[in-house]
Amino acid sequence: MNVVAVSDARGAVADDTLLAAAEPVHRQLRPHLPADYRRRMEEVFASGAEMAVALDGGLIVGVAVFRVIEKTFSGRELYCDDLVTDEARRSKGAGRAMIAYMERVGRE
């Protein structure tokens, strides 16, 4: 299981192919997302969110959308907007891998 960034902390899409391939898995959690998925995700990224995907054998099996927030009171926090694994591939370690990835990002 490998977790790869789709966007970066500046809000830029790092990998167009992965963003497009993430859509079907992401829609399993958020079916209401608009038809123009890329435009909507670019808006979300512009507001500070990042996306990473879990890959297994080259297939996207999980999607995480999260944001790192610096607060005056509590310091650095990571908030996970969305965490979803492909319904056909659940309980195979994708969720655990994405959580470990977000923990690393949150500590950097």
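Let's start where two helices meet. D16, L19, A22, E23, H26 and R27 in α1 touch Y37, R38, M41 and F45 in α2. Contact here means heavy atoms within 4.5 Å. The residues of this contact divide into 5 nonpolar, 1 polar and 4 charged. Nonpolar covers Ala, Val, Leu, Ile, Met, Phe, Trp, Tyr, Cys and Pro; charged covers Asp, Glu, Lys and Arg; the others, Gly among them, are polar.

A word on the source. This is a predicted model, where local features need pLDDT of at least 70, side-chain atom pairs count only at pLDDT 80 or more, and totals for chains, interfaces and linings use all residues. Residues are numbered from 1 along each chain as its sequence is written, and side-chain values use heavy atoms, with hydrogens and water left out.

Back to the helices. α1 is residues 16-29, and α2 is residues 37-46. Helices (H or I, at least four residues) and strands (E, at least two) are DSSP runs, numbered from the N terminus. The two axes come within 10 Å and cross at roughly 100°. Axes are lines fitted to C-alpha atoms, for helices over the stretch in contact, and angles run from 0 to 180 degrees between N-to-C directions. So α1 and α2 are roughly perpendicular, a label for 65 to 115 degrees.

Now the sheet. It is open, with 4 strands in the order β1-β2-β3-β4 and antiparallel pairing. Strands pair if DSSP finds at least two bridges between them. β1 (2-5) and β4 (75-85) each have a single partner strand, so one side of each lacks a neighbour in the sheet.

Which strands are joined by 10 bridges? They are β3 and β4. In that pair, F66 stands opposite C80, and K71 faces G75. A hairpin of 3 residues links β3 to β4. Between β2 and β3 there are 7 bridges, and A52 has A64 as its bridge partner. These two strands also form a hairpin, with 2 residues between them. G57 in that turn has a positive phi of about 65°.

What lies across β2 and β3? Helix α2 does, at about 125° to β2. Helix α3 (residues 94-107) lies across β1, β2, β3 and β4.

Last, the inside. The largest nonpolar core has 18 residues. Such a core is a set of buried (under 20% relative accessible area, 1.4 Å probe, protein chains only) Ala, Val, Leu, Ile, Met, Phe, Trp, Tyr and Cys residues joined through side-chain atoms within 4.5 Å. M41, M51, V53, I60 and V63 touch the most other members.

Conventions: Parallel < 35°, antiparallel > 145°, perpendicular 65-115°, else oblique. Buried < 20%, exposed > 50% of the residue type's maximum accessible area, 1.4 Å probe, protein only.
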